[in-house]
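Please keep the sequence and the model in view while reading.

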Amino acid sequence: MLKFLYTTFFCITYVFPSIKYAGTKEVTEEEMAKYRERIKAMFYHAYNSYLDNAYPYDELRPLTCDGQDTWGSFSLTLIDALDTLLILGNHTEFQRVTVLLQDTVDFDIDVNASVFETNIRVVGGLLSAHLLSKQGGVDVEEGWPCSGPLLRMAEDAARKLLPAFQTPTGMPYGTVNLLRGVNPTETPVTCTAGVGTFILEFSTLSRLTGDPVFEEVAWKALKALWGTRSDIGLVGNHIDIVTSKWVAQDAGIGAGIDSYFEYLVKGAIMLQDEEMLSMFHEYHTAVKNYTKFDDWYLWVQMHKGTVSMPVFQSLEAFWPGLQSLLGDLDSAVRTFHNYYTVWRQFGGLPEFYSIPQGYTVDKREGYPLRPELIESAMYLYKATGDPTFLQLGRDAVESIEKISRVKCGFASVKDVRDHKLDNRMESFFLAETIKYLYLLFDPENFLHNNGSTFELGGPDGDCVLGAGGYIFNTEAHPLDPAALHCCSRAQEERYELQDILLSLSEVPDTPSQPVDGEGPEEDEYEDDEGAATRDMDDRDLRVSESIVLKPGSMRKARVLSCPMQPFSSRLALMGQVFTGDST
């Protein structure tokens with residue numbers, strides 16, 4: 001199996017990108033550089049408009065040149081755009097905003113916030129900026145990336161979300177008050193993605209800080225959701241998180257479900273977790289069997305598999321990129337081209353598109369400058385070298401500039417049929433759309449690193465970091481898996497030293513093991529609520545609730561003590577990951 005995987009990786013890395021595709025025009029480096037500069041100009045027009053007219057509000061209202069709070073009053077656009085500044089090469093502004101956020105953002109506020117959006121935009125954005133701090137020229141503190149001010153901010157924000165997970169099922173409420181917790185009248189109904197889109201950010205927090213609670217609650221939510229799938233292997237759109245009963249039973253890959261599937265794949269890669277990958281493969285089989293028709297994906301009834309909505313949703317456009325991570329290139333390319341035809345029809349993707357009618361759906365005609373099709377183009381271009389995907393990037397630049405650019409930034413498209421505009425510029429325009437566009441035209445960007453460059457960090461300064469294999473969360477915030485392994489190793493070594501010191505301090509006549517009937521049983525160390533749904537030893541995170549172990553009690557040594565990327569993450573360097581049984 002390993003031989004097959006290495007052979008496949010070699011072909012995709014060195015052979016496929018060199019293939020010339022008929023009917024497509026090669027793009028010169030001069031043209032690539034021209035588009036990079038245009039994309040930079042788009043970013044700064046939007047970013048400066050936000051700073052001049054909307055900061056410290058969450059988002060810019062580009063038609064009235066003012067701002068509004070949308071997801072919680074955190075200066076959201078500034079957090080979401082922070083790592084994009086670095087990717088575009090602006091170290092000075094990255095450093096300035098890093099300090100500004102530390103001085104101005106406070107999560108101890110009486111605000112009702114979306115648990116899902118706060119996680120992917122705020123926690124994800126702060127974690128990414130923290131992990132990229134050294135790359136951005138920030139004078140990082142000793143022990144980075146296992147410590148740092150942005151990491152502490154991310155942890156603070158995530159702790160505000162934890163009360164939402166205190167439910168009978170472990171699946172979180174959709175909204176939490178950052179000061180008071182969950183409102184007693186809060187609805188128990190939330191979308192599937194709102195339950196299953198935490199494992200990347202929360203596992204990163206646990207691995208970096210040593211506190212297992214984040215990873216535990218994320219895993220418990222994932223497992224609870226997994227247990228609600230139908231007899232034909234599908235999940236619905238909205239669920240009651242108290243009773244585990246499905247409220248909306250439409251199954252598909254789009255809005256309300258999308259990032260749940262995304263996080264099973266990316267979580268499996270980042271954490272090297274076979275169980276998550278197996279869960280996705282089971283879902284993928286059901287999705288292909290019941291929702292896929294002629295390389296489109298429809299919405300079906302989750303129990304019967306009968307078509308309920310023959311529509312394409314713009315949020316589904318992430319799917320070809322996800323397929324490319326698993327090596328399913330043929331299907332990914334065919335589906336991408338279906339979606340691209342819709343873009344070319346309107347100059348953007350309407351939120352809903354009727355496949356039988358070949359036109360927009362009433363009251364779903366808008367395009368809020370979403371990134372998903374551009375995201376898939378970036379992954380597929382990296383995997384294939386086909387310039388068709390660059391053509392989508394060029395079309396996107398031309399369309400957005402022509403249709404959405406206004407005096408104060410870029411406005412969402414209210415209706416793709418007549419290109420009327422809406423008075424909103426979502427923070428994801430700077431976090432995702434611009435970022436993926438720029439990375440599409442910048443194959444030499446440090447995020448595309450093939451392992452040829454790296455930096456050292458960690459408590460002992462010996463961890464290899466920034467060598468590639470970045471995992472993007474669903475808000476396009478890149479996370480470095482090597483940092484997780486680095487800090488997990490540091491935690492393990494600290495506990496091993498503690499064990500040695502404790503053993504040296506033992507009274508000679510004291511038995512090293514408790515006699516029968518004495519001492520706590522192993523299960524007594526687990527969370528009383530059963531939140532630890534997996535043995536944390538199996539998750540490479542050895543963290544006890546107590547710093548002190550009983551004399552003679554030893555933790556198992558890590559199987560892999562090297563902080564380099566694990567096997568599958570190294571295969572992700574060229575935009576492609578192959579996992580499987582390596583025995």
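**Disulfides, core and confidence**

C408 is buried, having a relative accessible area of 5%; buried here means under 20% relative accessible area, exposed over 50%, and partly exposed in between, with a 1.4 Å probe and protein chains only. The model is a predicted one, in which local features need pLDDT of at least 70 and side-chain atom pairs count only at pLDDT 80 or more, while totals for chains, interfaces and linings use all residues. Residues are numbered from 1 along each chain as its sequence is written, and side-chain values use heavy atoms, with hydrogens and water left out.

C408 is joined to C65 by a disulfide with an S to S distance of 2.0 Å. A disulfide is taken to be a pair of cysteine sulfur atoms within 2.5 Å, and by this rule the count comes to three disulfides. The torsion about the S-S bond of C65 and C408 is about 95 degrees, so this disulfide is right-handed. C65 lies in the loop between β1 (59-61) and β2 (66-68), and C408 in the loop between β16 (405-406) and β17 (409-410), so the pair ties together parts that are 343 residues apart in sequence. The helices (H or I, at least four residues) and strands (E, at least two) named here are DSSP runs, numbered from the N terminus.

Because C146 lies in the loop between α5 (115-131) and α6 (149-161) and C487 in helix α17 (residues 481-504), the pair ties together parts that are 341 residues apart in sequence. Both C146 and C487 are buried.

Helix α17 also holds C486, which is linked to C463 in strand β21 (residues 463-465), so this pair ties together parts that are 23 residues apart in sequence. The sulfur atoms of C463 and C486 are 2.1 Å apart, and with 85 degrees about the S-S bond the link is right-handed. C463 is buried at 1% relative accessibility, and C486 is buried with a relative accessible area of 1%. When bonded cysteines are counted along the chain, the disulfides follow the pattern 1-3, 2-6, 4-5.

The chain as a whole has 18 helices and 23 strands, and 60% of its 583 residues count as buried. Contact means heavy atoms within 4.5 Å. Among contacts between residues at least 6 apart in sequence, 71% join residues at least 24 apart.

In soluble globular proteins, nonpolar side chains tend to be buried together. A nonpolar core is defined as a set of buried Ala, Val, Leu, Ile, Met, Phe, Trp, Tyr and Cys residues joined through side-chain atoms within 4.5 Å. The largest such core in this model has 165 residues, and those with the most contacts inside it are F202, Y260, F261, W319, F429 and L430. Leaving aside residues up to four places away in sequence, W319 touches I253, F261, F280, H284, V287, Y297 and S376.

Helix α15 (residues 388-404) is mostly covered, with 13 of its 17 residues buried. From its first C-alpha to its last, α15 reaches 24 Å, close to the 24 Å expected at 1.5 Å a residue; the expected span is 1.5 Å times one less than the number of residues.

Among the strands, an open sheet of three has the order β13-β14-β15, with antiparallel pairing. Its edge strands, β13 (311-313) and β15 (359-360), each pair on one side only. Pairing requires that DSSP find at least two bridges between two strands; two bridges join β14 (residues 352-354) to β15, and S354 has Y359 in β15 as its bridge partner.

How far can the model be trusted? The mean pLDDT, the predictor's confidence in each residue from 0 to 100, is 86 for the chain, and 80% of residues reach 70 or more. Over residues 1-23 the pLDDT is below 50, as it is over residues 514-583. Where pLDDT is low, the predicted coordinates should not be read in detail.
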